[in-house]
Amino acid sequence: MNAGSIDMTHGGGGRAMHDLIRDIFQAHLGNPVLDRSEDAGTIEAQSDRLVMATDGHVIAPLFFPGGDIGSLSVHGTVNDLAMMGARPHSLTAGFILEEGFALADLDRIVRSMARAARAADVRVISGDTKVVERGKGDGVFITTTGLGTVPEGVDLSLSNLRAGQAVLVSGTIGDHGVAVMSKRENLAFETEIRSDAAALHGLVAEMLAAVPRLAMLRDPTRGGLAATLNEIAAAAGLGIILDEAEIPVAADVRAACELLGLDPLNVANEGKLVAFCPAEEAAPLLVAMRAHPLGRNAAIIGKVTEDPAHMVQMKTDFGGTRIVDWLAGEQLPRIC
Amino acid sequence: MRYISEFRDPVLARNMSQKIARAVEPGRDYHFMEFCGGHTHAIMRYGVQDLMPKSVHFVHGPGCPVCVLPVRRLDDAVELAERHQVILCTYGDMMRVPGTARRSLIRAKADGADIRMVYSTLDALQIARDNPAREVVFFAIGFETTTPPTAVAIKMAQAERLKNFSVFCNHVLTPAAIEHILNSPEFAPGGQARIDGFLGPSHVSAVIGSRPYEPAAATYEKPVVIAGFEPLDVMQAVLMLIAQVNSGRAEVENQYTRVVTRTGNRKAQVLVAEVFELRADFEWRGLATVLESALQIRPEFAAFDAEARFALSEKASREVKSCECPAVLRGVKKPTDCKLFGKTCTPDTPMGACMVSSEGACAAYWSYGRQRLPQDAP
């Protein structure tokens, strides 16, 4: 199904909608559960703890170097589950389509979702489709909800944070935000920077195997590393001190940020995580991360401190100290 | 990155720090005004103050064009967008600055005004070409750095005979502001504040050259060292200023030799002179009225002058009471001296321009340095 575009009949619940579901959604995402075409997807009973997460995706542009709204909608939710130490297994996907949206683009997006889901070993077991009038949507919005199981003994939580723990990052920061920016209409610049969007649960499994006493994980998406660390510091009532020289930033991302007057610390990521662990476990954790393809550029970037003001501070490359602040607003809207 | 990494080298920074520590005379205090908001920002962001001896103090100046724009002019811009229904094109920095009754461009945009953020004047021109049935106004602000691009836009609009493009001109001049500060009672001998020398603005000087500062340096006997924006540039310029002060010299020196020359960018200067002329006076936020300190569009280009095309109403524009932006801009108060700083005035809820603009002293203090808070006695 490559010609034509979405019209209001596709959301009507009638034959047109049924054909759309069959020809695009089931064709690419099909699996034994989804193919039963029931109102809800059945999951076998689980003995381990369950975690569930949801993510709405409104990114513009829909297609960017290294991904699209489809693959992003899989990675985003899978990563929320992965940060809890879960093995993700099932997703639901809700699509809100704008009248006039090209079916060829929808097909491309759903294929990409299917690829991402297969690579992450998750299945889309239930979905929904709605259509809104032209002008009331921006092509397509996708919401995914995911379910995963947390193995016995794994306990990743903000409440595990303690002063003295080490802070690590799994790789270079700012890649996703810059890749998306390079395609924005009034900002387009030539670059080979690609989004880092990827499913992280494989990396997390390796990390847990190497360091069972891992305290907490989080993925720094919108707002970048600075926002994530500030959120964590505020919630935990602790401070964080970073070492700027240790924070990995790709040379072309750094150059693009210099040009645009942005700080890589404030730029979104989609395939990176921040990890907290006891100081003595930092070295073995780093080894485990670097052994995994998604952790090649992992680094120890700082430590947690006692700080009644719960600030995130940084020893600058230059030798001074400064605050790493939480940006007031969005540097760039709709980055994920 | 070339031209960037070398000027942020921590080893060189330590060396420079030691040189500065040896250069300062014991028992002597040095107060240097960094005129330009970009320098304030660089000092805070890299923690340059940490590498200075306690006797070196930075006094923050009014070199933030967003911050010195009087409230009334911002209210005028909002009126252009709301009442005259133009497409108002603005640099991002201006979007969140609060005008009278905290009305900002971003609030006006949320209420339906067509206000668009642009990265350059050329973007605004393109919007004019793409929307021939709409009036497009470019909200021009800035010191001499951004003035040439505005001149280019007006010349291009003229060459293309665009009928729907104009500029709301708020360009201001640096040497006039420096002289005004040096002339003010606060900085006269015995006044409440002190300046021993200036870190001169980097990119303004790339356009105008180092020569325009010479009369002020001679008249007021204060050294000016033009400094680049990288932290090592700032440190080297401080070293040069200390040397001048110690030997009683008051010259204009250029640390930013990789970009600035004595005569500056002649082509840009000619272009600017062709399109703009001096306003008799202009009200600056914080500095009040300064003579011959701002530019207006020449009558030959009146078709591209928003003030000629649109009748702007008289306004009673108001600052927030207790907002100390005016004093901060003059260098007589620090952001932390303002009652509102960090309490009612934060980047989320700015009371004045100094907290919103990326070059504002208050924003720089908040974002980078509020954990250290007042340590310097003036």
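In this predicted model, Arg22(A) pairs with Asp19(A) in a salt bridge whose closest N and O atoms are 3.6 Å apart. Both residues belong to helix H1 of chain A (residues 15-29), where they sit three residues apart, about one turn of the helix. Arg22(A) counts as partly exposed because its relative accessibility is 41%. Asp19(A) is also assigned as partly exposed, at 25% relative accessibility.

A second pair in chain A joins Arg213(A) to Glu280(A), with the closest N and O atoms 2.9 Å apart in the salt bridge. With a relative accessible area of 55%, Glu280(A) is exposed, while Arg213(A), at 49% relative accessibility, counts as partly exposed. The cut-off explains the two labels: exposed means over 50% relative accessible area.

Turn now to chain B. Which side chain meets Glu79(B) in a salt bridge at 2.4 Å, N to O? The partner is Lys315(B). This pair links distant parts of the chain, 236 residues apart: Glu79(B) lies in helix H4 (residues 71-82), and Lys315(B) lies in the loop between helix H13 (306-309) and helix H14 (325-330). Glu79(B) counts as buried because its relative accessibility is 6%, under the 20% limit for that class. Lys315(B) is partly exposed, with a relative accessible area of 23%. Both residues belong to a network of salt bridges that also links Arg72(B), Asp76(B) and Arg83(B). Over all chains, a search of the whole structure finds 37 salt bridges. Side chains of opposite charge can pair when their charged atoms come close.

The last stop is helix H11 of chain B, residues 231-246. Is H11(B) mostly covered or mostly open? Twelve of the 16 residues are buried, so by the 20% cut-off the helix is mostly covered. Among the buried residues are Pro231(B), Leu232(B), Val234(B), Met235(B), Leu239(B) and Ile242(B). Asp233(B) and Gln244(B) are on the buried list as well. After H11(B) comes Gly248(B), with a positive phi near 70°.

Terms used
Residues are numbered from 1 along each chain as its sequence is written. Chains are lettered from A and ligands numbered from 1 in the order in which they are written. This is a predicted model: local features need pLDDT of at least 70, side-chain atom pairs count only at pLDDT 80 or more; totals for chains, interfaces and linings use all residues. Side-chain values use heavy atoms; hydrogens and water are left out. Helices (H or I, at least four residues) and strands (E, at least two) are DSSP runs, numbered from the N terminus. The expected span of a helix is 1.5 Å times one less than its number of residues. Buried means under 20% relative accessible area, exposed over 50%, partly exposed in between (1.4 Å probe, protein chains only). A salt bridge is a side-chain nitrogen of Lys or Arg within 4 Å of a carboxyl oxygen of Asp or Glu.
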